[in-house]
Amino acid sequence: MSQPKQRARSSQDKELRKTALLDAARELAIEQGAREVTLTAVTARVGLHASALRRYFESREELLLELAEHGWDEWRNSLVNGLGDSRGLTAGEVATIVSDSLERLPLFCDLLTHVALSLEGAVRLERARRYKTAASVAYDAMTQALVDADAGLDHQGARTLLSAAMSCAAYLYQLSRPTATLRQLYAEEPRWAHDALRFHEQLTTLLTAVALGARQNASNA
C-alpha cells in the first residue's frame with residue numbers, strides 16, 4: 001500500500017484528489033460490486049488516510065451517489081448517440097437501442113439498485129436535491145430524444161419506456177452477477193441460469209413489450 005499523501009492545499013489539488021477518490025471507488029465497484037465498496041478500501045487505493053476522505057465526501061453513500069450522478073450523464077450520452085439520426089424505429093429497434101445504452105454501463109445499472117435502497121435517502125437534503133436535479137435533466141433529455149426519433153412514442157410513452165428500462169436493468173443486472181453459491185446452483189440447474197444470465201436479451205424483450213404498449217396508447221390518444 002502506498003504511503004499516505006500530503007493534504008491537498010489548492011482548490012485544484014482538492015479537485016484532483018476528489019477525482020482520484022471517485023476513480024478509486026469506480027474501480028472497486030466494477031471489480032467487486034457497489035455493495036462491497038468501503039471507505040477504507042477507497043482511501044487505501046488512493047494512498048490517503050481514511051479520515052481524509054471526509055474532507056471530500058461525508059459518507060460512503062455520498063461517494064457512491066456521486067458516481068450514480070455521473071452515470072446519468074453517461075446514460076444520456078449513450079442513448080442519444082445510439083439513437084443518432086434514426087427515424088421511424090420499430091418497437092424492437094428502439095428497445096434494442098435502450099438496452100444497448102444500459103449494457104455499456106454496468107456500474108450504473110448496479111448503482112440504480114443502491115440509489116433507491118439506501119444512497120439518496122442517506123445524504124443531506126441539498127445533496128439529494130443535486131442528484132435528483134442531475135437525474136431529471138438527463139431523463140428529460142432522453143425523453144425528448146426518444147420522441148424525436150419518431151418511434152411512435154409520445155412524451156408519456158417515452159417516460160414509461162425509460163422508467164421500465166431503469167427498473168428492469170437494475171433488477172436484471174443483479175441477477176446477472178450471481179454469487180459463488182448461485183453459480184454452483186446454476187451449474188447444477190442450468191434452466192435457472194438460462195433466465196438469470198441473459199441481461200441484454202431479457203431487457204430487450206421486456207422493453208419491446210413496453211414500447212409496443214406505449215405506441216398503442218399513443219395511437220389511441
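At what angle do helix α7 and helix α10 pack, and how far apart are their axes? In this predicted model, helix α7, formed by residues 155-175, packs against helix α10, formed by residues 199-220, at an angle of about 160°, and the axes of the two helices lie 10 Å apart. Because angles over 145 degrees count as roughly antiparallel, α7 is described as roughly antiparallel to α10. The crossing of these two helices is right-handed. On the side of α7, the contact is made by G157, T160, L161, A164, A165, C168, A169, L172 and Y173, while α10 contributes F199, Q202, L203, L206, L207, V210, A211 and A214. Classified by residue type, the contact of α7 with α10 comprises 14 nonpolar and three polar residues, with no charged residues.

Two annotated spans were also examined. An unreviewed UniProt entry lists residues 15-75 as "domain: HTH tetR-type"; in the model this span is 69% helix and 0% strand, and its end C-alpha atoms lie 24 Å apart. For residues 38-57, the unreviewed entry in UniProt gives the feature "DNA-binding region", and over these residues the chain is 40% helix and 0% strand, with the end C-alpha atoms 13 Å apart.

Aromatic rings with centres within 6.5 Å were taken as pairs, and by this rule the count comes to three aromatic pairs. One of them joins W72 and W75, whose ring centres are 5.6 Å apart and whose planes stand at 45°, so the pair is tilted. Both W72 and W75 belong to helix α3, which spans residues 60-83, and they are separated by three residues, about one turn of the helix.

Methods
Residues are numbered from 1 along each chain as its sequence is written. This is a predicted model: local features need pLDDT of at least 70, side-chain atom pairs count only at pLDDT 80 or more; totals for chains, interfaces and linings use all residues. Side-chain values use heavy atoms; hydrogens and water are left out. UniProt positions are given in the numbering used here, feature names are shortened, and annotations may be inferred rather than shown by experiment. Helices (H or I, at least four residues) and strands (E, at least two) are DSSP runs, numbered from the N terminus. Axes are lines fitted to C-alpha atoms, for helices over the stretch in contact, and angles run from 0 to 180 degrees between N-to-C directions. Angles under 35 degrees count as roughly parallel, over 145 as roughly antiparallel, 65 to 115 as roughly perpendicular and the rest as oblique. A crossing is left-handed if the near helix is turned anticlockwise from the far one by less than a right angle, and right-handed if clockwise. Contact means heavy atoms within 4.5 Å. Ala, Val, Leu, Ile, Met, Phe, Trp, Tyr, Cys and Pro count as nonpolar, Asp, Glu, Lys and Arg as charged, and the others, Gly among them, as polar. Rings of Phe, Tyr and Trp (its six-membered ring) pair if their centres lie within 6.5 Å; planes under 30 degrees apart count as stacked, over 60 as edge-to-face and the rest as tilted.
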